[in-house]
Each structure stands twice: as structure tokens, then as C-alpha cells.
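Have a look at the sequence and the model below.

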Amino acid sequence: MTALLEVEGLTRRFGGLAAVSSLTLAVAAGEARALIGPNGAGKSTLVNLLSGTDRPTAGAIRWAGQDVTRRPAHLRRRAGIARTFQNGRLCERLSVLENVMLGALTGLEAGLLDAWFRPVRHAAAERRARELARGALTLAGAEGIEDRSVDALPYGTRRLVEIARAVAAQPQLLLLDEPAAGLNSGEKASLLTVLARVRERGVAVLLIEHDMGLVMSFAERISVLDFGEKIAEGTPDEVRADPRVIEAYLGREGAHA
């Protein structure tokens with residue numbers, strides 16, 4: 001498969017600590033990839049580097065063959081990389097639909113100045129954003145709540161709205177930072193359904209997650225980090241049987257999960 005995202009020698013140091021060290025990674029178009037590792041392994045740092053909210057100390061990131069190592073986050077979103085955040089970043093005072101429309105607008109050309117200088121273009125972009133937002137909410141199984149304020153939503157529903165907001169940007173790659181954290185078993189099952197729908201659209205997904213049952217059910221390939229270094233990579237069965245992974249993360253019980 002042709003790599004959509006390529007990472008070579010990626011390193012991020014904070015003082016004397018290497019949160020990510022000489023990492024090489026490739027994600028193909030439409031791939032279901034998971035990234036696992038113990039707390040402090042560098043997973044969230046890697047997501048920040050890939051999405052452009054942080055810059056590496058060394059190494060390169062290529063997107064569709066182009067070097068985007070120094071490209072800022074908003075340009076990466078427009079190029080087709082969307083993400084969710086571990087702690088969620090919905091705008092509490094806006095409705096569900098308005099929140100998801102914000103995601104859609106990041107992928108459209110019209111900006112805030114168009115409201116003043118190109119009102120026709122701005123109106124067209126707003127209509128398109130509304131259409132994309134409603135489609136994303138339907139994909140996430142969150143239709144019918146468009147007018148509700150997000151601060152009144154149950155936690156599990158908020159997580160689905162966050163995914164809908166990212167999907168509304170029409171990404172080619174979706175970075176999910178621990179989307180199952182705090183969810184019950186029924187909500188995790190719903191999350192898996194949503195991820196399957198996302199992949200049906202041809203979107204590649206890089207899932208960062210601690211829930212091994214969810215990871216094993218979702219991923220075609222898994223990459224494993226420990227102390228910022230990739231220690232293993234392969235299919236779920238290969239990773240589950242890898243002695244380095246068992247020692248670093250899964251534990252003996254995880255080998256038989």
C-alpha cells in the first residue's frame with residue numbers, strides 16, 4: 001500500500017528527555033492503525049507532532065509525498081489531517097451543530113474576512129459547512145441533537161460529537177487520542193461502529209488507545225511505543241505475541257486476551 005503519512009527519524013526532546021526518539025512510521029491511505037504504549041511512552045506527543053500543534057527537534061514528516069515538518073496545524077488540517085484531543089475541546093457555549101460546523105469550516109477555503117469582503121462566498125461556505133456538519137453527526141450516530149448545547153450532553157455523546165467535528169473537516173487521516181477514555185462498554189461498541197463508518201469513507205485512522213480489546217477489534221496493524229521508541233509493529237496477533245510488548249505493556253494476561 002502507498003504511504004499517505006511517512007515519518008522518518010522523528011525526535012522530540014524536552015530538555016534532556018526524549019519524548020519521541022528517532023521514530024519511523026508509515027500509514028497507508030484508508031488504513032486502520034493503532035498506536036499503543038504505557039503512560040509516558042510518547043503517544044500524545046507524537047499526535048501533537050503529526051497534527052502540527054508541536055514541532056520536532058529532529059526528523060521529517062511527509063504527507064502525500066510532501067514535507068510538512070514545519071507546516072502549521074491549520075494548513076495540515078486543510079491538507080487532510082484532522083484530530084481529536086484527549087481531554088476534548090468543544091466550545092461549551094455553542095450548540096452541537098455549531099461546534100461541528102467549526103470543524104467543517106477548517107477544511108473550506110472561505111475565512112472570517114470573507115464575511116466582510118466576500119459575503120456571497122461566505123454564505124456559500126456556511127451552507128456547505130452546515131451540510132457537512134449534519135452528515136458528520138449522522139455518521140457519528142448523533143443526529144437529532146443539533147440544537148442542544150454541548151455542556152448538557154452526556155460524556156459519551158460529547159466524544160461522538162468531537163469525532164463528528166473532526167470528520168466534518170473531510171480528512172484523509174483521522175488522529176484519535178484516546179477516544180474511549182471514560183466510556184462504558186456500550187459506548188465503546190458505538191465508537192467501534194463509528195470508526196467502521198469512517199473507514200468506509202476511505203479515511204485512514206490512527207487510533208491512540210489504552211483499551212486493548214478495542215484496539216485488537218479495530219486495528220489492521222499496531223505500532224508500540226515505549227519510552228519514545230518504537231519497540232514493535234505488526235498485526236494484532238504478531239504484537240500480542242511479541243515478548244517486548246508483553247514485558248513493556250500488555251503483561252502476561254494481555255498475551256491471551
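The largest nonpolar core has 51 residues. A nonpolar core here is a set of buried Ala, Val, Leu, Ile, Met, Phe, Trp, Tyr and Cys residues joined through side-chain atoms within 4.5 Å, and buried means under 20% relative accessible area, with a 1.4 Å probe and protein chains only. The residues with the most contacts inside this core are Val100, Leu174, Val198, Ile222 and Val224. Take Val100: beyond its neighbours within four places in sequence, Val100 is in contact (heavy atoms within 4.5 Å) with Ala133, Ala136, Leu137, Val161, Ala164, Arg165 and Ala168. There is also a second, separate core of 24 residues, and among them are Val7, Leu10, Val20 and Ile208.

A word on where this comes from. This is a predicted model, where local features need pLDDT of at least 70 and side-chain atom pairs count only at pLDDT 80 or more, while totals for chains, interfaces and linings use all residues. Residues are numbered from 1 along each chain as its sequence is written, and side-chain values use heavy atoms, leaving out hydrogens and water.

Now step back to the whole protein. Of its 257 residues, 51% are buried. Among contacts between residues at least 6 apart in sequence, 66% join residues at least 24 apart.

Finally, find two charges that sit over rings, meaning that NZ of Lys or CZ of Arg is within 6 Å of the ring centre and within 35 degrees of the ring normal. Arg12 lies over the face of Phe14, 4.1 Å from the ring centre. The charged end of Arg83 is placed over the ring of Phe85, at 3.9 Å from its centre.

How values were computed
Buried means under 20% relative accessible area, exposed over 50%, partly exposed in between (1.4 Å probe, protein chains only).
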